[in-house]
Amino acid sequence: MPLSLFPEGQVSLRSIDLRSYPEVKLRLHVNGNLNTSGYTLQEQLGNTVRLTEDIHLSQLETKNPIYLNISIPSYTNAEDRRWLLQLVQQLVRFSEQSGGHSKLHIQSDQTLHVFERIRSQVLDVSFPFPKENNLQFPIRNWERFVDSIPTNETKEDHILLLVSFANEWPDRFEIPEFARRINGKNLHLIVLSPNSLEANKLVSYTKGNFYPISKSESFEYLFSDLKAMMSPDWVISYLSPWNLSLWKENEVFGTLTSVTNGVRFEYQYQISSFKTLYLKISDPFVFFPVSLFLILLCIASLYYLRGFEPIQNERRNGIEKTAILVPEGENLERKEELAVYDRMYGETLEKAAKDREIALVTKEKEILPGVSYTYAVIQVREGSQIYEPIPLQWDEMTIGNFESNHIVLHDPNVSGIHAKIKNRRGKYILFDCLSHSGVYLNGKKLLRPKVLHNLDEIQLGKSILTFRGRY
């Protein structure tokens with residue numbers, strides 16, 4: 001947190017680097033020359049102050065990029081048009097030389113004219129400069145332009161340069177709100193206009209720079225200041241005399257002074273476990289290896305656990321199906337019937353394919369009691385209505401009120417898939433598919449699968465099904 005260093009605005013603190021602590025690096029931007037000798041630096045922790053033994057000052061090689069957001073008025077004659085284009089061209093060229101880019105806005109009460117990432121080469125006599133009427137509400141127009149500029153979340157210089165020919169701004173009552181928007185966008189304001197109370201008030205609210213447009217030396221000062229902003233930053237590196245732990249909470253105040261140069265610069269930094277962890281993770285030599293390790297660990301875990309997925313799903317699905325199909329309030333006898341049925345025949349759960357194949361082979365070898373039929377039908381009677389006989393032509397036929405069943409019963413007391421009949425070598429076996437109301441064969445409740453005989457009556461809900469077989 002910089003407090004003061006040289007004259008106002010001459011030096012600014014860009015960042016404090018603690019990644020190599022106890023080595024501390026201060027990145028400063030200096031608008032002017034910096035004498036590299038005669039400095040002392042001290043750090044204060046609590047009420048105790050310690051001096052550092054060695055200070056290194058070095059200047060970076062790369063220039064600071066300048067990002068310009070320029071707003072100019074429209075022209076009234078050819079001379080104004082030529083002068084405005086020359087001014088913008090020089091400003092944009094400065095930005096390009098620093099490695100930044102520029103955005104141009106032509107002031108208008110009706111239309112928002114904005115040119116993104118404009119180049120200095122296009123700012124010649126052929127540039128499509130729109131001609132607009134005299135501006136009545138300059139601040140409202142500038143507010144729309146500022147709203148189109150993204151918030152500056154970096155330490156780089158993003159400049160809002162406003163050019164105006166007006167001596168008075170009719171909407172000057174909006175200056176405080178406009179200044180708040182500029183500060184919220186983290187923009188450095190430069191105003192080039194006639195010397196007026198409105199312009200000076202706006203500059204004072206935003207701590208910007210004002211250049212009278214009527215004075216020729218203002219343009220020399222403007223470009224001189226822009227050139228100083230382009231100058232490379234300085235880095236002050238030193239070893240902290242405290243050598244604190246990175247995993248404890250501490251707040252350190254530092255002071256850089258030079259009696260011969262008349263310098264006093266104060267700052268502060270904090271050390272905490274959270275910030276230390278963030279710096280460790282953000283280090284690419286730590287982040288990428290750790291990320292790769294975690295990805296490989298997840299892949300290995302998924303590969304290892306995939307063998308347990310069918311068994312876990314089978315158990316979970318069996319529990320869910322039982323919970324769904326058995327209504328609340330079912331008596332204990334019904335639950336025991338389901339358990340016996342499931343244990344003996346395993347038809348209530350979707351077992352793994354291998355277990356199902358073993359069970360089918362075992363059943364095929366069993367000798368079932370009962371008579372074999374070459375042809376069989378089911379005749380359905382719902383109330384007083386008797387339907388046509390339905391041939392049992394498939395190895396397995398389901399019965400219920402779902403339309404997808406082989407035999408559909410339009411009875412509200414019948415479950416979706418209520419029962420099924422399986423054909424095993426001419427013997428037709430009746431199964432209860434965990435229905436709500438159960439299955440009754442010849443007036444008795446079906447507790448386990450049974451082989452059907454000719455003229456057997458099956459009751460599902462209020463529907464009666466008659467089995468007829470032919471040898």
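Is Arg-181 buried, exposed or partly exposed? At 26% relative accessibility, Arg-181 counts as partly exposed (buried is under 20% relative accessible area, exposed over 50%, partly exposed in between, with a 1.4 Å probe and protein chains only). This is a predicted model, where local features need pLDDT of at least 70, side-chain atom pairs count only at pLDDT 80 or more, and totals for chains, interfaces and linings use all residues. Residues are numbered from 1 along each chain as its sequence is written, and side-chain values use heavy atoms, leaving out hydrogens and water.

**Salt bridges**
- The structure holds twelve salt bridges (a side-chain nitrogen of Lys or Arg within 4 Å of a carboxyl oxygen of Asp or Glu).
- Arg-181 pairs with Asp-147, their closest N and O atoms being 3.0 Å apart.
- This pair links helix H3 (residues 175–184) to helix H2 (residues 138–147), 34 residues apart; helices (H or I, at least four residues) and strands (E, at least two) are DSSP runs, numbered from the N terminus.
- Glu-177 also meets Arg-181 in a salt bridge (3.6 Å, N to O), and both lie in H3, four residues apart.
- Arg-180 forms a salt bridge with Glu-177 as well, at 2.4 Å between the closest N and O atoms.

**The sheet**
- Six strands make an open, mixed sheet in the order E8-E7-E6-E9-E10-E11; strands pair if DSSP finds at least two bridges between them.
- E8 (113–118) and E11 stand at the edges with a single partner strand each, so one side of each lacks a neighbour in the sheet.
- E10 and E11 run parallel, joined by four bridges.
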